[in-house]
Amino acid sequence: MICLSICNRTLGGIFSILESTGARMAEIRLDLCPITEEEIEELFNSTDIPLVATCRTASCERAEQRLAAAIRAGAKYADLEIEAPTLMGKRLRRLARECGTVFIRSFHDFETTPSSEDLSGIVQRCRRFGAEVVKIAVTARSEEEVRRVMDLYGQAPEGTLLAFCMGEAGKRSRLDCLRAGAPFTYACMPGEPVADGQMSLEEMNASLYGGFSFFDRQNVTMPCSKSFAQRAIIAAALAEGTSRLEGYTPCGDSEAAITAARSLGAEVHNAGDSLIIKGTAGRFARQDMVSAGESGLLARLLIPLLSLGNERTVRLDGCGTLPARPLADANAIMAAFGVTLSNAGCVGKEIHVPLDIRGSLVPGRAEISGRGGSQLISGLLMSLPMTGSASSLYVSGPKSIPYMFITVDVLRRFGIEMSSEMEGGDDFLEARDWSCCTGINFNIRGGQKYRAADFPLERDWSTAANFLVAGAVFGKVSVDGLDTASLQADISILDILVEAGASVSQDDDGTTTGPVNVCKAPLNPFSVNLSNAPDLFPAVSVLAAFCPGTSRIGGVSRLSGKESDRAAAILEMLSGFGVNARVEGDALVIEGHSLEKRLASGNMLVGGGSFDPRRDHRMVMALKLASMGAGSSITIQDSDCVSKSCPFFNDMFN
């Protein structure tokens with residue numbers, strides 16, 4: 001990125017520059033700007049633009065106080081000269097770690113360029129004294145001296161070294177450093193160079209970005225979560241009375257849930273953006289065949305439900321990609337409750353739709369495996385309360401845990417009660433991290449009845465992830481209406497973006513649904529396990545392609561039963577774009593480079609090809625996202641399959 005150095009400005013002047021120049025990153029020279037510590041806190045607290053706090057150590061005590069104020073207020077980087085006193089460096093380094101600020105140790109030589117050996121020693125010294133990023137700025141008088149500095153990049157991981165030359169001879173190195181792997185470089189206001197050879201922001205933007213189109217979206221509103229909508233629609237169909245679900249946006253899967261609800265005997269009407277559903281009071285119509293459309297979730301919700309009081313064989317059908325998707329462990333799980341599943345019209349070991357359901361759901365105690373995911377378990381949680389007596393359901397090795405608790409939350413709104421207890425080892429007890437959970441016990445009282453409910457449907461974090469990643473890599477975005485207290489698994493995209501170095505914030509409007517803002521910042525590689533949020537894989541893999549270094553995304557085994565073999569589809573996408581990626585065990589490993597390095601070196605993602613999303617809506621979204629970083633336009637085959645979850649995604653993203 002290009003970082004605008006701001007000197008000799010009051011607080012109001014700094015804000016004015018940030019607004020008028022459109023700077024995407026800025027260095028605040030705290031030693032040269034006449035602002036108080038209170039104003040420092042206000043400045044670093046009030047903008048999402050990544051800011052570098054720099055204060056030369058002419059007065060050590062004053063420098064430490066001002067840098068500390070900036071770090072506490074949220075500075076992205078804090079730059080401390082290597083000549084600073086050791087104890088001062090240790091204190092600021094500790095504070096930076098506590099506050100999540102990246103610590104820069106810098107070396108300057110305004111007279112000459114040290115020898116290669118001395119430069120290497122300076123880099124090592126900076127790292128020894130706590131540098132997460134080493135900054136080297138020396139004065140060059142020849143091409144040979146410039147090469148001496150640029151050779152340092154061969155010894156440092158991408159994104160951890162910022163080395164360039166001052167002086168006219170070193171002017172070009174201020175852009176070449178991005179090509180070599182620097183996380184950012186510096187520019188100045190017109191006619192106000194901070195050091196000899198520094199270029200203006202306008203000049204550097206033109207040289208680096210040229211005609212590149214940044215992503216800049218404000219007040220984007222996501223569709224409702226189909227995970228919430230489908231559960232709520234079926235629950236409302238079972239309820240006594242009339243329910244009103246507000247904020248409904250149609251998509252293929254949710255419309256399939258409406259069709260299923262009508263098959264059960266519920267009356268469903270659209271009233272603007274609300275669904276009005278008159279339920280069956282649990283006395284739903286018995287059908288010989290019910291369709292789940294193309295929805296794997298809906299199919300798994302319906303299997304236990306259609307077996308309630310079942311005295312005959314019921315067929316569950318589906319369309320699109322659903323018949324090719326195995327319903328992992330479904331037969332074993334349903335057998336524990338007295339229900340038999342068999343493939344209809346074909347023979348095979350794996351159960352899939354169309355399938356025949358025989359037997360009536362029997363309440364009781366059972367231990368089942370959660371390795372196949374949460375959806376059929378959610379179906380049991382919806383159905384068992386309607387049986388005649390209590391049930392205890394122990395889920396071992398649970399996956400996609402947040403989705404089980406979305407089900408519990410939706411059921412609570414319709415008057416259904418149950419208790420749960422999560423188990424795990426020491427790691428789980430300490431971190432309370434879902435990925436460390438080894439088992440969940442649900443205790444469910446029988447004989448319960450669904451009651452009608454009125455509530456708004458949550459906005460969809462799965463679709464939003466693509467917009468938020470676009471903001472982090474390609475510009476900025478503000479998304480309205482997302483609930484940051486949501487149980488949706490894909491809310492974890494926020495944690496991933498923070499770990500990757502993006503600038504993330506939420507406007508404080510007194511609720512948990514204020515606008516979520518993400519904007520570009522220098523990124524870094526990350527490691528995450530998406531076993532509980534597999535729908536994030538496509539978008540997060542694109543994020544990793546623009547994070548300099550090696551990122552690891554665990555949970556690949558969760559992808560085989562999606563609309564496509566999603567792991568293979570992601571590898572095919574990344575390979576088609578020229579990204580080095582591979583599967584190691586249960587992890588997807590991606591070698592990434594920053595957008596700026598790609599632009600400076602002409603190594604943008606390969607474009608000009610045709611990509612097959614394999615009828616997978618999440619892959620269409622990821623391809624649209626990745627295409628923003630492609631060197632030329634791409635063609636996405638069958639892009640309309642995105643209507644499964646968000647029919648208007650292409651228009652929104654374009």
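**View 1. The four-stranded open sheet β17-β18-β20-β19 has mixed pairing.** The model is predicted: local features need pLDDT of at least 70 and side-chain atom pairs count only at pLDDT 80 or more, whereas totals for chains, interfaces and linings use all residues. Residues are numbered from 1 along each chain as its sequence is written, and side-chain values use heavy atoms, with hydrogens and water left out. Strands (E, at least two residues) and helices (H or I, at least four) are DSSP runs numbered from the N terminus, and two strands pair if DSSP finds at least two bridges between them. Because β17 (365-369) and β19 (418-424) are the edge strands, each with a single partner, one side of each lacks a neighbour in the sheet. On average, neighbouring strands are turned by 15 degrees against each other, direction ignored.

**View 2. β17 and β18 (residues 391-396) pair in the parallel sense, over five bridges.** Ser369 stands opposite Ser396 in β18. Helix α13 (residues 375-383) packs on the sheet and touches β17, β18, β19 and β20 (437-444); contact means heavy atoms within 4.5 Å. The direction of α13 makes about 170 degrees with that of β18. Angles run from 0 to 180 degrees between N-to-C directions, and axes are lines fitted to C-alpha atoms, for helices over the stretch in contact. Helix α14 (residues 401-413) also packs on the sheet, touching β18, β19 and β20, and its direction makes about 20 degrees with that of β20.

**View 3. Helices α16 (residues 461-474) and α21 (residues 617-627) have axes that come within 10 Å.** The axes cross at roughly 15 degrees, which means that α16 is roughly parallel to α21 (an angle under 35 degrees). The contact involves Ser462, Thr463, Asn466, Val469, Ala470 and Phe474 of α16, and Arg618, Met621, Ala622 and Leu625 of α21.

**View 4. A cis peptide bond joins Val353 and Pro354.** Omega is about 0 degrees, and Pro354 lies in the loop between β15 (340-343) and β16 (355-358).

**View 5. Arg614 and Asp638 are non-glycine residues with positive phi.** Phi of Arg614 is near 60 degrees, and this residue lies in the loop between β29 (610-611) and α21. Asp638, with phi of about 50 degrees, lies in the loop between β30 (635-636) and α22 (649-653). Arg614 counts as partly exposed at 29% relative accessibility, as does Asp638 at 37%; partly exposed lies between buried, under 20%, and exposed, over 50% (1.4 Å probe, protein chains only).

How values were computed:
Parallel < 35°, antiparallel > 145°, perpendicular 65-115°, else oblique.
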